[in-house]
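Please look over the model below before reading my comments.

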Amino acid sequence: MPATHPSVEIPSEVPSTTGRLLPAVLAPAVAVALAVSAWGAKEPGTWVLETVWVMIGLPALFLLRKRFPLSGLLCGLLAVHALVLMVGGHYTYAEVPAGDWVRDWFGLERNPYDRLGHLMQGFVPAILVRELLVRTSPLRGSRWLPPLTVCACLAFSAVFEMLEWLAAVTGGEAADSFLATQGDVWDTQWDMFCALIGAVCSLLLLSRPHDRSLTRLATHGKG
């Protein structure tokens, strides 16, 4: 997995400039999509559990937009991840129509949308963790950056599985839609494996584009 090029110098804080168009467009769009996903959600409680990360993330990014603006690549990935979460929350992961179509086309035993959600749980946080480490730690340019990024993504996936376990213990049958196990006794292991694959693929595919996006952010404030 490629490491950050040593010549890429990214300050921990980037001065505010006029190059904030992408976040300014994406944040309202995600907020509108969040409201739309809540309208007619199949199970409001499940919708809240699935989209709570979006409800926390949007205000946090707004409050930190000047002190710690994110690269354009990361902003785009976070928006896509938010849409995946909102669709899963609206329909519940086991009943997303697109997942049913894929299941029927390929003769699968279960709706695979949950697998996509966990792939994204590794794919997008990998770039988020990488950006935080590149900009705030001595790991910039280090060969330890990729493996530590993957480890952080796996740790987050494990914490999420513990939260699902807590929901199952406290919610009983009411938590079934949130768990989305669909009768698979190995669902927890599959979820973490999908997050691992997502994180590794993200670093292999996006490390160089991410470096370029960070360079643009540092030099022009455009990410």
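The numbered points below go from the overall fold to single residues.

1. **Basis.** This is a predicted model, in which local features need pLDDT of at least 70, side-chain atom pairs count only at pLDDT 80 or more, and totals for chains, interfaces and linings use all residues. Residues are numbered from 1 along each chain as its sequence is written, and side-chain values use heavy atoms, with hydrogens and water left out.

2. **Overall fold.** The protein chain has 8 helices and 0 strands. Helices (H or I, at least four residues) and strands (E, at least two) are DSSP runs, numbered from the N terminus. The order of elements is therefore plain to read: α-α-α-α-α-α-α-α. Of the 223 residues, 42% count as buried. Buried means under 20% relative accessible area, exposed means over 50%, and partly exposed is in between (1.4 Å probe, protein chains only). Contact means heavy atoms within 4.5 Å. Among contacts in the protein chain with a separation of 6 or more, 78% join residues 24 or more positions apart.

3. **Helix α2.** This helix covers residues 44-63, 20 residues in total. From first C-alpha to last it reaches 27 Å, close to the 28 Å expected at 1.5 Å a residue. The expected span is 1.5 Å times one less than the number of residues. Please look at T51, where a kink of about 55° is centred. The bend at a residue is the angle between axes fitted to the seven residues ending there and the seven starting there. T51 is also buried, as are T46, W47, E50 and V54 in α2.

4. **Main core.** Which residues touch the most other members of the largest nonpolar core? They are V30 and V54, in a core of 22 residues. A nonpolar core is a set of buried Ala, Val, Leu, Ile, Met, Phe, Trp, Tyr and Cys residues joined through side-chain atoms within 4.5 Å. Two or more residues each come from α1 (21-38), α2, α3 (72-91) and α5 (113-136). The largest share, 8 residues, is from α3. Not counting residues up to four places away in sequence, V30 touches V54, L58, A79, A82 and M86.

5. **Second core.** A separate core of 5 residues includes A126, C153, A199 and L203.

6. **Helix α5 and G122.** The 24 residues of α5 should span 34 Å at 1.5 Å a residue, and the end C-alpha atoms are 34 Å apart, which agrees. This helix is mostly covered, with 17 of its 24 residues buried. G122 sits in α5. G122 counts as buried, at 0% relative accessibility. Leaving out residues up to four places away in sequence, G122 touches C153, A195, G198 and A199. Its C-alpha is 7.9 Å from that of S202, 80 residues apart along the chain.

7. **L154.** This residue belongs to helix α6 (residues 145-171). L154 is partly exposed, with a relative accessible area of 28%. Beyond its neighbours within four places in sequence, L154 is in contact with M192 and L196. The C-alpha atoms of L154 and I197 are separated by 10.0 Å, and the two are 43 residues apart along the chain.

8. **N111.** Is N111 buried or exposed? It is buried, at 0% relative accessibility. N111 lies in the loop between α4 (97-106) and α5. Its side chain makes a polar contact with the side chain of D100 (2.9 Å). A polar contact is a pair of N or O atoms within 3.5 Å; within protein, one must be able to donate a hydrogen and the other to accept it, and residues adjacent in sequence count only if both atoms are side-chain atoms. A polar atom of the N111 side chain also lies 3.0 Å from the backbone oxygen of V96.

9. **T92.** Check the backbone here. T92 has a positive phi of about 75° although it is not a glycine. Most residues other than glycine have a negative phi. T92 lies in the loop between α3 and α4, and is buried at 2% relative accessibility.

10. **Cysteines.** How many disulfides does a search of the whole structure find? It finds 0, a disulfide being a pair of cysteine sulfur atoms within 2.5 Å. C151 is in none; the nearest cysteine sulfur, that of C153, is 9.3 Å away. C151 is partly exposed, with a relative accessible area of 47%. C194 is buried, at 8%.
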